[in-house]
Amino acid sequence: MTSVAQPPLSTTELTVIQVTVSDPRVRPLLRELGDEYSTRYGKDAHAELARYPDEEFTRPHGGVLLLVLERGEPVAGGAFRRYDATTAELKRIWTHSAHRRRGLARLVVAELEHEARARGYRRVYLTTGPRQPEARGLYLATGYTPLFDTSANPESIGPLPFEKHLPAEART
């Protein structure tokens with residue numbers, strides 16, 4: 001697959017919104033994630049996306065689902081769910097295939113961290129698959145601590161866990 005250079009990230013055309021899983025604008029996220037996982041791991045991964053009830057990604061249950069819109073169209077997104085009383089677990093980090101290499105995944109992670117801090121979480125936890133080197137690189141580049149031996153063959157580990165401790169939300 002050839003990577004096409006994308007224009008630099010322009011936040012003036014981007015809007016970050018909170019949505020529910022049932023919002024029709026979430027469909028491209030779920031479809032592309034399922035297809036990507038199935039391609040990389042050779043099985044129907046759509047079941048993995050259905051592993052957690054949708055309500056776990058809602059405010060009353062300690063979660064959130066964010067979409068980044070560009071001129072009203074979803075170009076990136078991600079979610080977190082309550083892992084425990086002080087930890088949010090990042091899930092479903094996605095950038096639309098036509099909008100990669102623009103820094104959108106970093107924006108999504110930063111927005112999720114901000115929202116987690118605002119809700120009182122002090123730690124973020126996540127796992128990514130061993131066949132997702134770009135995700136591994138994203139988390140390392142954004143300050144996440146790997147909870148695995150980075151010199152080991154990722155295929156020998158399975159899901160790669162990461163964590164990041166969040167500073168307390170600044171009081172204004």
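**Exercise 1.** List what Arg136 touches beyond its sequence neighbours, and decide whether Arg136 is buried or exposed.

*Solution.* Setting aside residues up to four places away in sequence, Arg136 touches Thr128, Phe148, Thr150, Pro154, Leu160 and Phe162; contact means heavy atoms within 4.5 Å. The model is predicted: local features need pLDDT of at least 70, side-chain atom pairs count only at pLDDT 80 or more, and totals for chains, interfaces and linings use all residues. Residues are numbered from 1 along each chain as its sequence is written, and side-chain values use heavy atoms, with hydrogens and water left out.

Helices (H or I, at least four residues) and strands (E, at least two) are DSSP runs, numbered from the N terminus. Then take the relative accessible area: at 17%, Arg136 is buried (buried is under 20%, exposed over 50%, partly exposed in between; 1.4 Å probe, protein chains only). Finally, the Arg136 side chain reaches the backbone oxygen of Thr150 at 3.0 Å.

**Exercise 2.** Explain why strand E2 is described as largely enclosed.

*Solution.* Count the buried residues of E2 (residues 64–70): 7 of the 7 are buried, so the rest of the structure largely encloses the strand. Then check each face: Val64, Leu66, Val68 and Glu70 are buried on one side, and Leu65, Leu67 and Leu69 on the other.

How values were computed
Polar contact = N/O pair within 3.5 Å; in protein donor to acceptor, adjacent residues only side chain to side chain.
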